[in-house]
Amino acid sequence: MAQRTETLEDVGLLEETLTGPRLVVFNDDVNTFDWVIESLVEVCNHDPVQAEQCAILIHHKGQATVKEGEKRKLKPMCEALVDRGIDAVLEQS
């Protein structure tokens, strides 16, 4: 039973972290999958598989949250993606 309680607490903590700032990338008809993947790896420190999954979500859903965390850490990432020609914004959940 203790294991179940820990799991529920972990889920509660996860939900709390999802209410902060998030870096959202939007789909466009300009950037290639490879460029978006490369940018997410270099700018957001994603591993290649994570970056590819984000690129697929961006393409199919029109946008995706690619990173969550503190605004002071996300803002330079957002600016770097925009500098690379990628449509990205910071949003507050």
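# Briefing on a predicted protein chain

Of the 93 residues in the protein chain, 27% are buried, where buried means under 20% relative accessible area, exposed means over 50% and partly exposed lies in between, with a 1.4 Å probe and protein chains only. The model is predicted: local features need a pLDDT of at least 70, side-chain atom pairs count only at pLDDT 80 or more, and totals for chains, interfaces and linings use all residues. Residues are numbered from 1 along each chain as its sequence is written, and side-chain values use heavy atoms, with hydrogens and water left out.

**Confidence**

- The average pLDDT of the protein chain is 87, and 81% of the residues score at least 70; pLDDT is the predictor's confidence in each residue, from 0 to 100.
- Residues 4-17 have a pLDDT below 50, and beyond near neighbours in sequence this stretch has one contact in the model; contact means heavy atoms within 4.5 Å.

**Overall architecture**

- The protein chain contains four helices and three strands; helices (H or I, at least four residues) and strands (E, at least two) are DSSP runs, numbered from the N terminus.
- Read from the N terminus, the order of the elements is α-β-α-α-β-α-β.
- Among the contacts in the protein chain with a separation of 6 or more, 68% are between residues 24 or more positions apart.

**Helix 2 and its two partners**

- Two packed helices are described by the angle between their axes and the distance between the axes.
- The axes of helix 2 and helix 3 come within 8 Å and cross at roughly 130 degrees; axes are lines fitted to C-alpha atoms, for helices over the stretch in contact, and angles run from 0 to 180 degrees between N-to-C directions.
- Helix 2 is therefore oblique to helix 3; angles under 35 degrees count as roughly parallel, over 145 as roughly antiparallel, 65 to 115 as roughly perpendicular and the rest as oblique.
- The crossing of helix 2 and helix 3 is right-handed; a crossing is left-handed if the near helix is turned anticlockwise from the far one by less than a right angle, and right-handed if clockwise.
- On the helix 2 side, Phe33, Val36, Ile37, Leu40 and Val41 meet residues of helix 3 that include Pro48, Ala51, Cys54, Ala55 and Ile58.
- With helix 4, the axis of helix 2 comes within 10 Å and crosses at roughly 150 degrees.
- Helix 2 is therefore roughly antiparallel to helix 4.
- This crossing of helix 2 and helix 4 is also right-handed.
- Ser39, Leu40, Val43 and Cys44 of helix 2 meet Met77, Ala80 and Leu81 of helix 4.

**The loop between helix 2 and helix 3**

- Asn45 lies in the loop between helix 2 and helix 3 (48-61), and Asn45 has a positive phi of about 60 degrees although it is not a glycine.
- Asn45 counts as exposed because its relative accessibility is 60%.
- His46 belongs to the loop between helix 2 and helix 3, and His46 is buried because its relative accessible area is 4%.
- Leaving out residues up to four places away in sequence, His46 touches Leu40, Val41, Ala51, Cys54, Val66 and Lys67.

- Asn31 sits in the loop between strand 1 (21-26) and helix 2 (33-44).
- With a relative accessible area of 19%, Asn31 is buried.
- The side chains of Asn31 and Asp28 are joined by a polar contact of 2.7 Å; a polar contact is a pair of N or O atoms within 3.5 Å, and within protein one must be able to donate a hydrogen and the other to accept it, while residues adjacent in sequence count only if both atoms are side-chain atoms.
- The side chain of Asn31 also reaches the backbone oxygen of Gly85 at 2.9 Å.
- Not counting residues up to four places away in sequence, Asn31 touches Val36, Arg84, Gly85 and Ile86.

- Ile58 is located in helix 3 and is buried because its relative accessibility is 5%.
- Ile58 and Phe26 stand 32 residues apart in sequence, and their C-alpha atoms are 6.1 Å apart in space.
- Apart from neighbours within four places in sequence, the contacts of Ile58 include Val25, Phe26, Asn27 and Val36.
- Val82 is found in helix 4 (residues 71-83) and counts as partly exposed because its relative accessibility is 43%.
- Val82 and Val25 are 57 residues apart in sequence and 9.5 Å apart in space, C-alpha to C-alpha.
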